[in-house]
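Please look over the model below before reading the points that follow. They are meant for someone who has not seen it before.

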Amino acid sequence: MSKNIYIEPNYTYGDHTLHYIQQAAEHGLYEIRGLGAKRRLPTFDDLTFLTASASRYPLEGYREKCETKTVLGTRFAKKPIELGIPITIAGMSFGALTAQAKDALGRAAGEMGTSTTTGDGGMTPEERRSSKTLVYQCLPSRYGFNPDDLRKADAIELVIGQGAKPGGGGMLLGQKISPRVAKMRTLPEGVDQRSACRHPDWTGSDDLAIKLSELREITDWQVPIYVKVGATRVKNDVKLAVAAGADVVVVDGMQGGTAATQQVFIEHAGIPTLAALRQAVEALEEIDMVGQVQLIISGGIRSGADVAKALAMGADAVSIGQAAMMALGCNARHYHMNGELVDATEDFAALGTAPGYCHHCHTGRCPVGIATQTPELEKRLDVDWGARRVKNYLQTLTMELTTLARACGKSNVHNLEREDLAALTIEAAAMAKIPLAGTDWIPGVSGY
Amino acid sequence: MDTLNPTAEAVRFDLSETTVRELNQYLHHELPGSGAKHVEVLNPNGRHNLAVGVDAPVSIDIRGHAGYFVGGMNKLAHITVHGNVGWSVGENIMSGSIRVKGNASECVAASGHGGLVVIEGDASSRCGISMKGCDIVVGGSVGHMSAFMAQAGTLVVCGDADPGLGDSLYEAVIYVRGTIHGLGADAREEPMSDDDYARVANLLERAGFDHDLQEFKRVASARSLYHWNADHHQEY
C-alpha cells in the first residue's frame, strides 16, 4: 500500500529563498546583478483613470490635438530644455552599455524630440553626435568628466543617487573595462572598478548649493541643472535639492535599474516609485515651487499608461532606462544581424538564464550585444535596427499617453491631474494618496 | 574701473565693486583673444567659485582668501591665491597650475585630471581625493584620507600625513617627507627608486620647495582590491 505524500508549501522558505541560501552557502558571496527590483511592489498598475463620461467631456480619439511639448529647466537657465514629449532617456553609462547602444538611443530620442543622458564614464562622441538634446551627468566618480564636454551639454544632471542603489556606489566589473573604457575612466584595463558613493568635492546640502553655483558659473548660467536622487527620504531630499538651486529634480524610485550592484541593495533599499512621486510632489507643493522647479520621475516606467499616471500625479516628465534597453532588444530571444534574426537562446543558457529572465549586465556577456564591451558581442546590436525599435517604443508610449489624456478631456498631457485617478489597492491608495476606487477613502487622510 | 578693458595688459577686478559672475564671464568670453595675459582679483573676501572653468593661458592673481572651488575645472591658466582657500581648490583641474600661498581646506584638486596644484601651507582632509592625473605638492601636512581612491597622478607631502593615507588607491603615487600617521585600505609603503627620486625632485623644483630627497617615502597601491574578492572579509 503506497503512503500518501503531502507536499506542504513553505512560504517562509520557498524556492526563491532556498535557492538564495544554497547559493550563499556554496559561494560565500552576495549576488551582483543588473536591472532593478523584481519583487512585487505597488506600481502605477495599481491606479486606474476615471476617464470622461457625463460629468467630463472627452476629446476625439487621435484626431483632436493633444499637446505633449515639455519644457524643463525654467527656473534659472537661460536655455531651458524644450522636448517634444515628456519621456526622456535615463542616464546609462558607456561601459555598462556599448557605444552603439548609446548611439541608437540618441538617434531614437532625437527623432522623437526628446533627450538622452550620459552616465558614469563620460560623454562619447557618438552619443553627442546622435543626441539632439543630451544631458551630461556629474557623478561621484567623475569618470571622464571634463569642462569641454560640460560645455557641449544641453543640461547637466548632478547625480546624488539612483533608485537601484540609493546610498551606494556603482561597480563595473573588470570584464567590461575594455581599453577604451579604461582610458575614458583613467583606470587600468580589467580592474573591477568601484564608482564612488559620495562626491569627492562637496558634502551636505550647503555645499551642494555652492557646487551647483560652480557648475552654473562654468557654463555661464546657460543650461539647466538637474539634481537626481534615489528615492529614500524623498521629501527632505527634494526640498534640499530645490534649496540648493536645482532647476529640475529627478527622483528615481526603487524599481530603477543599474548595470551592476548587490542584489540585496536592489531589492531592499529605497521606496517604490509610486510613493516617491507623491512625496516629491508634496515637497514641491509645501515649498510653493510647483511650476518653478520641474519634476522628473523614473524607476519602472514601462507603458504610456505609466507615463500618463505619473503626469497625473504631478510629474512634469518621466525617464526610462531599463524599458529603453528592452526596446533595443534586452532580454529578447533574437538579435538582428545582417538583415536576419539570430536566436540567442544558447548564449542566455550559457549565462545560466533564458530570454526574459536575464539580469547579467554585470558580466559583459550580453547575448544581444547591448550591455557588453566585447567586440564580437557588440556586433549583435544593429544600430539602425535598434534606433528604429526605440523610436517605435517611444512613439507607442506617446500615443498611449495622449489616448488616455484625451479620454480624460485634456488637450495637453500636462493637464492630467490627480482627480483623474483612482486606486485599485489599499496600498496604492495610501502610497499615492489617491482614493480607493469606488470610495473617497485615502488611508490615513480621509474617511470611507 | 578698468576691469572690463580687454586691451589693458593687466585687468583688475575688485570684488568689492563687481560680482563673481562678471569675473567669470570675462574670463570665459572676453579674455580669450583679447591679448590680456594677467588678471588681478582684489577683495575676494572668501567668495566661492572664483576663476572657475577658465580655458586660456592667463595668469590670475587672487589677492586675499578664496572660498570653495577656486580654479575649478581649470585649463591652461596659472592661478595664484595670495591667502587661504576653502574646499576643493582646483577641483577637476585639467591643465595649468594653481598655487595657494596659505593653507587649503578639504579636497584639494579633487578628481583633478592634469596640471599642478601647489599648497604652500597645510591641506586639510582628503587632499587629492579621486585624482585622475594631476600633480599636487603640499608644503606642509595633509589631513586624513588624503588621496582617497586616487586613480593617477602624484601627491607630494613635505610635512606629515594624517591617518587613512591613500585609502583605496588605484595608480596614483604619494610621497611623504614627514610622518605617516596611518595608511588606508590597500595602501602600502614601497621602496623609493631612482625614478621616484627624479619625480619628486621635478615636482619640488616646479613647486619651489627645496628638501632632501632621501627623506621622502613612497606610498602606492598594493592592488589587492583591484579584483573584488569576498575572502577579504571586508578587513583590509
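This is a predicted model: local features need pLDDT of at least 70, side-chain atom pairs count only at pLDDT 80 or more; totals for chains, interfaces and linings use all residues.

1. Residues are numbered from 1 along each chain as its sequence is written, and chains are lettered from A and ligands numbered from 1 in the order in which they are written.

2. Between the chains, 23 residues of chain A are in contact with 37 residues of chain B (C-beta atoms, placed from the backbone, within 7 Å). On the chain B side, helix 1 (20-30) and strand 7 (132-138) are the elements that give two or more residues (helices are DSSP runs of H or I with at least four residues, strands runs of E with at least two, numbered from the N terminus). Helix 1 of chain B gives the most, with 5 residues. By class, this side of chain B has 16 nonpolar, 15 polar and 6 charged residues (Ala, Val, Leu, Ile, Met, Phe, Trp, Tyr, Cys and Pro count as nonpolar, Asp, Glu, Lys and Arg as charged, the others, Gly among them, as polar).

3. Which residues of helix 1 of chain B are buried? They are Val20(B), Leu23(B), Asn24(B) and Leu27(B) (buried: 20 or more other C-beta atoms within 10 Å of the residue's own, all placed from the backbone). Seen down the axis, the buried residues of helix 1 of chain B fall within an arc of 90°, so they line one face of the helix (the arc is that of the directions from the helix axis to the C-beta atoms). These buried residues pack against helix 6 (204-218) of chain A, and also against strand 1 and strand 2 (38-42) of chain B.

4. Chain B has an open sheet of 11 strands with mixed pairing, in the order 1-2-3-4-5-6-7-8-9-11-10 (strands pair if DSSP finds at least two bridges between them). Strand 1 (10-14) and strand 10 (187-190) of chain B each have a single partner strand, so one side of each is left without a neighbour in the sheet.

5. Strand 9 (residues 173-176) and strand 11 (residues 217-221) of chain B run antiparallel and are joined by 3 bridges. Within strand 11 of chain B, Val219(B) stands opposite Ile174(B).

6. The largest nonpolar core holds 207 residues (buried Ala, Val, Leu, Ile, Met, Phe, Trp, Tyr and Cys joined through C-beta atoms within 7 Å). Helix 14 (residues 383-407) of chain A supplies its largest share, 9 residues.

Terms used:
Two residues are in contact if their C-beta atoms, placed from the backbone, lie within 7 Å. A residue is buried if 20 or more other C-beta atoms lie within 10 Å of its own, exposed if 12 or fewer, and partly exposed in between; C-beta atoms are placed from the backbone.
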